[in-house]
Amino acid sequence: MKLKQLEIFSAVAKYQNLTRTAEALRITQPAVSKGLKALEKHLKAVLYMRSGHGIRLTEKGWTLLPLVDVILKNRDSVEKRFVPDHIQEESRSFTVGGSYGPAASFLPSLMAKFRKNHPGVQTSIRAGDRNFIEQLVLKGQAEIGLVTVPINSPSLVLEPYRPEKLAAFVSVDHPLARKRKVSLSDMFKSPLVIRGERDVHSRIKEILALLETQGYTPQIAAFYDLPDAVKEAVRKKMGTGFLYADLIKLDLQRGDFKLLKVKGLELNSQSFIIYHKERPLSENAREFLKLLRAARKHQSLIREPLSTAHSWIVAHILGLAGLPLTLSAVC
């Protein structure tokens, strides 16, 4: 196994395209393919697969990537120490973008851990819908994003992160709250309160459309832009709410809502890490990405797996829309 092979593998993970990888590394495309095949042969593992738009890492490839990043980072550290031209001052600020679920749950704790090791860095978490986070990363206003719906931009890396859960919930004095399990017919007797605009595609709308083909006719009481508006409407018994489970965790602990167990309704989803393919990540971003990948392996963050956790078919029907907000923390 050679260092150049690892460099090629890391670049392929970033660009997800052999031609772009060759251009970035200033080598030929056959040299890229040869390096990848040599690495696979040495490790006796399939690390990538071809797709219609380029190539993607396999599950084993994503497992290998953090290890390769450590090796390359150590190489960079040696160069920075002994080659003056590579010495650069660490950035004094760092921004991460996240969909409402990640921004409200695990991103703050990871950012706190990051700040503990980087006390002089000004940090910021910006939250919003998929389109808002995508634009933040494309424009360089955030180096890393966490989204709950896949990004189609060819300029961004889309790295599968962790399973997510959507939740159906009602106020504690709603008639459905007294039932241990709820049938689809019972649930759809109550209007639904969901996040997003009428013409914006979302995971829950995909589910409802599928149920309509099975003979159910759900009624939408209201669409709201913000999660808090959905929760307030549910408190006032406007209907059954649908949000990502992380967004109502504290409300459930306080006893504000009752989580519905609906027979025959699967509410699984998945989140993704995004970052720019062409724009090199700063030292801060690389450190935070390392924290994210380490957290992905931790059992406390890996919840019940999807039956098709690595399926890109499922991945393309995820997420809910919303409006941007900003949470900032300054050291």
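Q: Let's start with a detail: in β11, which residue is the bridge partner of Glu 164?
A: That's Ser 269. Keep in mind that we're looking at a predicted model.

Q: How do I read the side chains along a strand like β11?
A: The general idea is that side chains in a regular strand alternate between the two faces of the sheet. Here, Asn 268, Gln 270, Phe 272, Ile 274 and His 276 point one way from β11, while Ser 269, Ser 271, Ile 273 and Tyr 275 point the other way.

Q: Are those β11 residues buried or exposed?
A: Buried, on both sides. Nine of the nine residues in β11 (residues 268-276) are buried, so the strand is largely enclosed by the rest of the structure.

Q: Now the helices. How do I describe two that pack together?
A: You give the angle between their axes and the distance between the axes. For helix α1 (residues 3-15) and helix α3 (residues 29-43), the angle is about 110 degrees and the axes are 9 Å apart. That makes α1 roughly perpendicular to α3.

Q: Which residues in α1 and α3 meet?
A: From α1 come Gln 5, Leu 6, Ile 8, Phe 9 and Val 12. They meet Ala 31, Val 32, Gly 35, Leu 36, Ala 38 and Leu 39 in α3. In this contact, nine residues are nonpolar, two are polar and none is charged.

Notes
Residues are numbered from 1 along each chain as its sequence is written. This is a predicted model: local features need pLDDT of at least 70, side-chain atom pairs count only at pLDDT 80 or more; totals for chains, interfaces and linings use all residues. Side-chain values use heavy atoms; hydrogens and water are left out. Axes are lines fitted to C-alpha atoms, for helices over the stretch in contact, and angles run from 0 to 180 degrees between N-to-C directions. Helices (H or I, at least four residues) and strands (E, at least two) are DSSP runs, numbered from the N terminus. Angles under 35 degrees count as roughly parallel, over 145 as roughly antiparallel, 65 to 115 as roughly perpendicular and the rest as oblique. Contact means heavy atoms within 4.5 Å. Ala, Val, Leu, Ile, Met, Phe, Trp, Tyr, Cys and Pro count as nonpolar, Asp, Glu, Lys and Arg as charged, and the others, Gly among them, as polar. Buried means under 20% relative accessible area, exposed over 50%, partly exposed in between (1.4 Å probe, protein chains only). Two strands pair if DSSP finds at least two bridges between them.
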